[in-house]
Amino acid sequence: MYKLILCWRYLQTRYIALASVISVTLGVATLIVVNSVMSGFTHEMQHRIHGILSDLVFDGHGLEGFSDSRWHMDRIRKIAGDDIEAMTPTVHVPAMLNYRVGQRWVHRQVNFIGIDAKTYAQVSDCSNYLQHPENRMEPSFQLREGGYDLHDRELGDESPYRHGMEMAGWPHRRRLATEEKAWLAAQKKNRPKLTIPERVGRSDPFSGIDTPLRAAESEAGVEQRWGPLSKSQVFDKATQQETGVIIGYALAQVLGHEGDHYFLVLPGDDVKLTFPTAGTPPKAVSGSFTVVDFYQSKMSEYDSAFVFAPIKKLQEMRGMIDPTTGIANVNSIQIKLREGADLEAVRDKLRAAFPPEIYAISTWRDKQGPLLAAVQMETAILNILLFLIIAVAGFGILAIFFMIVVEKTKDIGILKSLGASGAGVMAIFLSYGLLLGSVGSGAGLILGLLFVRHIDSVRKGVEWLSGQPVFDPSIYYFQQIPTLVDPRMIVWVIAGAMAIAVIASVLPALRAARLHPVEALRYE
Amino acid sequence: MSSSTSQATDDSTGQSALQTTENRHSEGGSHILNTWNADENSFQESFFQIAARGVHKKYHKGANEIPVLQGVDIEIREGEFLAIVGQSGCGKSTLLHLMGTLDRPDAGEIYLADNRIDNLPASARDRLRNETFGLIFQFYHLLPELNALGNVLLPLMIRHGFFGYLRNRRDFRKRAKALLDKVRLSHRLRHKPRELSGGEMQRTAIARALINQPRVLLADEPTGNLDRVAGQEIIEILRNLNASENLTIVMVTHDEKIAQQADRTVRLVEGRIE
């Protein structure tokens with residue numbers, strides 16, 4: 001009893017001990033904040049990567065791909081059996097996205113992916129990242145009448161306003177068509193001698209280079225389909241759309257002065273994509289597409305590179321369909337496994353069945369291996385460094401406790417003269433250490449959790465104070481600092497901090513226990 | 001005068017006491033303690049309650065050895081109020097510490113009733129200090145963090161452990177308050193030592209020494225730091241305790257006038273009883 005009372009009194013009266021409490025508090029709070037941010041970052045990143053990549057990716061090397069995806073999928077299903085939940089073939093090609101802003105053309109290097117909208121949604125969460133509510137329910141490459149999100153869906157109305165999105169979809173397209181018609185009419189009136197190709201050519205340099213496209217297509221029907229006339233002459237923009245594409249949000253969006261979002265391209269605009277054909281040597285083909293939605297995973301690496309189009313169209317344009325059999329090539333097959341299936345085991349089974357020189361089979365983790373490993377290593381090193389901070393606090397406790405033992409020498413003598421055992425005296429200082437550790441880590445826990453909860457306010461405060469952006473979403477994948485509080489991590493941090501506090505108090509406590517009562521009583 | 005008569009009595013009885021204890025020498029210390037604990041009547045039968053036989057003690061200061069006690073023999077009867085006087089540095093406090101098991105002699109033996117206590121293991125000695133001896137000091141030695149009541153309760157807390165203390169805390173507090181009332185401090189229960197006068201602190205220390213109902217009260221210069229009036233008050237309290245409760249008291253002092261108020265006075269000169 002006296003041990004508890006005395007260590008409680010010591011805690012109340014020895015203000016110097018507050019120094020060690022504060023150091024434990026800061027150490028624990030820092031560890032909690034850093035771990036929460038790191039695991040939030042890892043979790044969010046994995047979540048987003050996994051949202052794009054399916055569990056397993058079955059790749060053919062090269063741009064040409066492998067033929068007959070159906071045969072491959074059957075074989076995969078035979079090998080992996082019940083573990084497969086869904087599969088979908090895809091075509092990946094590097095491409096150039098071209099669109100016009102005012103009188104200038106903007107070119108962006110992109111990753112052009114041909115997907116089957118229905119089955120692709122079954123293997124990945126990518127439909128969640130679309131900006132039209134109906135597309136999120138059921139992804140489609142058809143332009144919508146309107147109703148695209150005006151704010152970030154996750155962040156709500158306080159997030160930056162998306163200028164122009166209120167018109168996006170068919171209204172925007174109709175307005176463009178009207179403007180274009182008016183412009184053409186004005187041109188005709190002013191310069192009636194110009195031929196139609198010249199007029200259109202001024203507005204669309206891509207209209208003249210459709211030849212490789214024709215060459216890449218099967219010879220049948222090219223003449224009928226494209227004819228001698230330029231496409232724009234027979235195409236009513238106000239009522240018709242080109243093949244739909246979903247482009248990454250960051251490919252279209254720019255920041256305004258106020259932080260609001262403006263767009264260089266909106267759903268309803270036409271864009272051109274230039275990409276290589278499947279033959280050898282690959283030739284560049286260009287095609288006209290209509291943007292039907294944006295894709296925003298908030299992983300800037302993906303948002304600034306991905307363009308999705310219907311797989312059929314891409315196979316057709318790249319010449320991936322065998323003209324005799326009608327069987328199309330694909331680049332890869334995305335596989336979703338049922339919940340709880342062992343990713344690695346299925347991957348290894350498939351690797352054993354398909355020759356590695358033709359197929360590369362990897363899990364989504366393998367695909368992002370270096371990134372995930374880097375983050376993991378960073379977390380480990382940070383943890384070691386931060387635990388050293390608490391160890392420093394431990395040495396602080398050691399020094400302060402020695403001081404307190406010296407200061408309390410006479411009291412120790414008194415306790416011993418009253419019959420307190422060496423173990424009893426030792427227990428006072430050990431429980432004192434434990435108490436300091438508990439108070440310190442308790443305060444650290446509260447501080448850390450508060451910090452994590454209000455981390456964005458803290459970030460804003462620091463940005464306001466320093467005048468420098470602390471967290472740039474364009475660098476760090478995310479709009480907000482992601483956090484994830486793992487209870488196991490908290491238990492470990494607190495147990496570690498308390499252990500260090502107790503270990504640091506062992507030496508002073510031993511010294512106190514060994515003090516000779518007479519000498520202690522005489523101590524001045 | 002009184003000292004020489006008592007010395008003669010001690011000599012005659014001492015022989016037989018020595019005889020009985022020597023017979024038990026071979027037995028382990030803890031066993032002796034058990035025997036003594038189990039058989040309360042042994043105190044009634046013995047002629048002395050506490051005794052030192054041929055006690056030597058040296059202190060080391062660097063390389064130098066300072067002999068303090070050089071063969072002290074002393075016996076104190078039950079219910080006796082003994083004063084040990086001597087000049088400062090003569091070793092009287094050391095003798096008291098040895099009797100109170102705060103320290104061990106270099107040679108010689110200390111007996112409580114018939115049982116040797118100087119060679120007991122530390123835990124048994126801790127128990128003796130807690131339950132059998134009450135100690136008071138010149139500088140009171142109260143814990144500054146606790147109030148008067150807390151200081152008085154301290155030996156009970158040490159004795160009973162956490163749950164034992166919690167179970168009986170009402171009784172204990174009642175007992176502590178009664179003792180503080182007895183030393184006329186019932187109005188100072190909640191005061192910290194720094195808010196008390198010297199006399200009040202010493203009275204608190206006496207209450208603390210008495211809380212576990214000890215058999216022997218060992219007082220090291222209890223008036224040494226007090227003015228005459230406060231000192232006299234302390235002596236009155238001790239005398240009353242001795243008279244009313246037959247408490248054995250050993251008091252060390254350098255003040256002859258204070259010593260005269262004890263039943264018997266022995267003089268310590270150059271490490272020996274004169």
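Reply: Let's start with one pair of residues: Ile50(B) has Leu112(B) in β4(B) as its bridge partner. Keep in mind that this is a predicted model, where local features need pLDDT of at least 70 and side-chain atom pairs count only at pLDDT 80 or more, while totals for chains, interfaces and linings use all residues. Residues are numbered from 1 along each chain as its sequence is written, chains are lettered from A and ligands numbered from 1 in the order in which they are written.

Strand β1 (residues 50-61) of chain B and strand β4 (residues 107-112) of chain B are antiparallel and share five bridges. (Strands are DSSP runs of E, at least two residues, and helices are runs of H or I, at least four, numbered from the N terminus; strands pair if DSSP finds at least two bridges between them.) They belong to an open sheet of four strands, in the order β2-β1-β4-β5 of chain B, with antiparallel pairing. At the edges you'll find β2 (64-76) and β5 (115-116) of chain B, each with a single partner strand, so one side of each has no neighbour in the sheet.

Something packs on this sheet too: helix α4 (residues 92-99) of chain B touches β1, β2 and β4 of chain B, and its direction makes about 120 degrees with that of β1(B). (Contact means C-beta atoms, placed from the backbone, within 7 Å; axes are fitted to C-alpha atoms, for helices over the stretch in contact, with angles from 0 to 180 degrees between N-to-C directions.)

Next, the inside. The largest nonpolar core has 125 residues, and Leu82(B) and Val250(B) have the most contacts inside it. (A core is a set of buried Ala, Val, Leu, Ile, Met, Phe, Trp, Tyr and Cys residues joined through C-beta atoms within 7 Å; buried means 20 or more other C-beta atoms within 10 Å of a residue's own.) Helix α20 (residues 487-514) of chain A gives the most to this core, 11 residues. Leaving out residues up to four places away in sequence, Val250(B) touches Leu82(B), Leu96(B) and Met99(B), among others. Another core, of 74 residues including Tyr99(A) and Ala117(A), lies apart from it.

Conventions. A residue is buried if 20 or more other C-beta atoms lie within 10 Å of its own, exposed if 12 or fewer, and partly exposed in between; C-beta atoms are placed from the backbone. Two residues are in contact if their C-beta atoms, placed from the backbone, lie within 7 Å.
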